[in-house]
Amino acid sequence: MKILILPGDGIGAEITAATRLPLEVLDRKFALGLEFVERDIGMAAIEKGLDPMPDAIMEEVRATPFTMLGPVSTMEYPPGAQHLPSPSSLIRDNLDLFANIRPSRTRPGVPSVAKQMDLVIVRENTEGFYAVRTMFEGKGEFMPTPDLAMSMRKITVQGSRRIAKVAFDLARARRKKVTVVHKGNVLRITDGLFLREVRSVAQDYPDVETEEIIVDAMAALLIRRPESFDVVVTTNLFGDILSDEAAELSGGLGLGGSINASNDHAVAQAAHGSAPDIANQNKANPTALVISVQMLLKWHANRSGNNQLASAAAHLETALDDVLADPANHTVDIGGNAGTDQFGEALARAVDQ
Ligand code: NAD
């Protein structure tokens with residue numbers, strides 16, 4: 001089985017290297033038969049005279065069950081590449097990865113604002129207030145006159161129903177509670193439709209408790225009582241913002257893992273960006289990407305019933321918790337002095353045990 005590694009920009013090369021090392025140990029220990037293949041996307045591809053997401057690599061992603069995708073800094077691309085879709089959005093659109101699943105939990109030994117939390121934000125990933133996700137052709141953001149800028153937001157029945165199903169299925173395997181976050185009091189038609197469809201899907205899950213919270217209150221309640229949330233389902237932009245808030249509450253953006261998934265394909269990508277302020281300084285925390293890869297292994301194990309993969313995913317999660325429990329392994333963002341490479345080596349040793 002091939003695992004395709006696309007380091008991307010900024011801290012991408014450092015965090016993918018620190019994630020690959022323990023993954024190679026995991027591969028040997030559990031005889032997973034992974035073949036590691038690395039390809040240049042983003043600035044590294046542009047510097048070779050290619051598009052940030054070359055077509056050939058897109059095809060490889062499509063054909064590969066395991067892709068580890070680093071962050072990309074599209075805003076920093078040279079003018080000639082600015083108009084091109086970002087690698088992240090091309091992958092998401094081509095594979096219709098409609099569910100962005102972002103867990104956040106407190107972990108022993110990791111300093112966090114939240115005393116206790118263990119939640120998953122299920123963010124709709126293909127619609128909403130995102131200019132490139134709204135239209136069949138053209139962009140949902142435009143300027144009719146120099147002093148007027150407009151943006152459109154798309155919400156569909158199909159998009160709302162399929163993300164709701166992901167959330168309710170996930171809740172069934174967890175603490176059986178779904179919080180629906182919306183702004184239906186103001187965005188009556190779009191969020192009204194989202195809410196209507198989530199409520200309809202909820203009727204198929206009578207064993208799962210459903211609560212509804214308006215997004216501005218949710219921003220506050222997430223801080224006040226983070227322990228009360230299990231699965232949170234919401235539209236694209238709200239999910240993007242709330243998941244960063246949740247990651248921060250759990251210790252920092254460097255802990256925010258995520259997968260982008262459809263019903264038959266998933267890609268591991270940390271929730272954070274390319275962190276240009278700390279790039280190439282051996283300061284980045286690879287935890288978010290490790291969690292993302294762990295989620296990807298588990299996602300495949302659940303779908304295929306592959307017990308070896310399930311054991312490998314569980315082992316990686318335990319090893320990560322063990323490494324994070326020791327402050328000597330903490331990177332700067334969570335109050336330590338360990339380098340990115342040191343963290344990867346510590347995790348590789350823990351995986352080996
Ligand atoms: P960011 O997430 O890159 O960084 C925000 C802050 O968190 C920075 O101080 C950074 O140092 C810190 N941080 C992030 N990840 C960290 C990690 N793993 N370890 C330690 N600290 C970490 O957000 P930004 O600064 O707003 O965006 C930078 C670039 O990333 C922009 O070009 C943006 O478009 C891009 N971006 C890409 C993605 C993606 O590819 N998925 C997501 C978000 C932002």
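Let's start with A31, which is exposed, with a relative accessible area of 63%. Exposed here means over 50% relative accessible area, buried means under 20%, and partly exposed is in between, using a 1.4 Å probe and protein chains only. You'll find A31 in the loop between α1 (12–29) and β2 (35–38). The helices (H or I, at least four residues) and strands (E, at least two) are DSSP runs, numbered from the N terminus. A31 has a positive phi of about 45°, although it is not a glycine.

A quick word on the model before we go on. It is predicted, so local features need pLDDT of at least 70 and side-chain atom pairs count only at pLDDT 80 or more, while totals for chains, interfaces and linings use all residues. Residues are numbered from 1 along each chain as its sequence is written, and side-chain values use heavy atoms, leaving out hydrogens and water.

Now, the domains. The protein is divided into domain 1 (1–98 + 266–353) and domain 2 (113–118 + 125–250), with bounds that come from an automatic or database domain assignment. Their centres, taken over C-alpha atoms, are separated by 25 Å. Seven residues from domain 1 and eight residues from domain 2 make the contact, where contact means heavy atoms within 4.5 Å.

How much area do domain 1 and domain 2 bury between them? About 720 Å², with 49% of it on carbon and sulfur atoms. That buried area is the accessible area (1.4 Å probe) that two parts lose on being put together, summed over both. On the domain 1 side, R92, D96 and F98 supply 72% of the area buried against domain 2, more than any other three residues.

Let's stay with D96. This residue forms a salt bridge with R162, and the closest N and O atoms are 2.8 Å apart. By salt bridge I mean a side-chain nitrogen of Lys or Arg within 4 Å of a carboxyl oxygen of Asp or Glu. Across the interface of domain 1 and domain 2, the rule finds one salt bridge. D96 is found in the loop between α5 (87–95) and β4 (99–105), and at 33% relative accessibility it counts as partly exposed. Its phi is near 50°, a positive value in a residue other than glycine.

In one of them, the side chains of E60 and R39 meet at 2.7 Å, N to O. E60 is in helix α3 (residues 55–63) and R39 in the loop between β2 and α2 (43–46), 21 residues apart. E60 counts as buried at 14% relative accessibility, and R39 counts as partly exposed at 32%.

Next come E197 and R161, whose closest N and O atoms are 2.7 Å apart in their salt bridge. E197 lies in helix α7 (residues 190–202) and R161 in helix α6 (residues 157–172), so the pair ties together parts that are 36 residues apart in sequence. E197 is buried, with a relative accessible area of 7%.

Then there are K183 and D216, with side chains that meet in a salt bridge (3.2 Å, N to O). K183 is in the loop between β8 (177–182) and α7, and D216 is in helix α8 (residues 215–224), 33 residues apart. One last thing to find on screen: salt bridges that share partners join R105, R107, E317 and D321 into one network.
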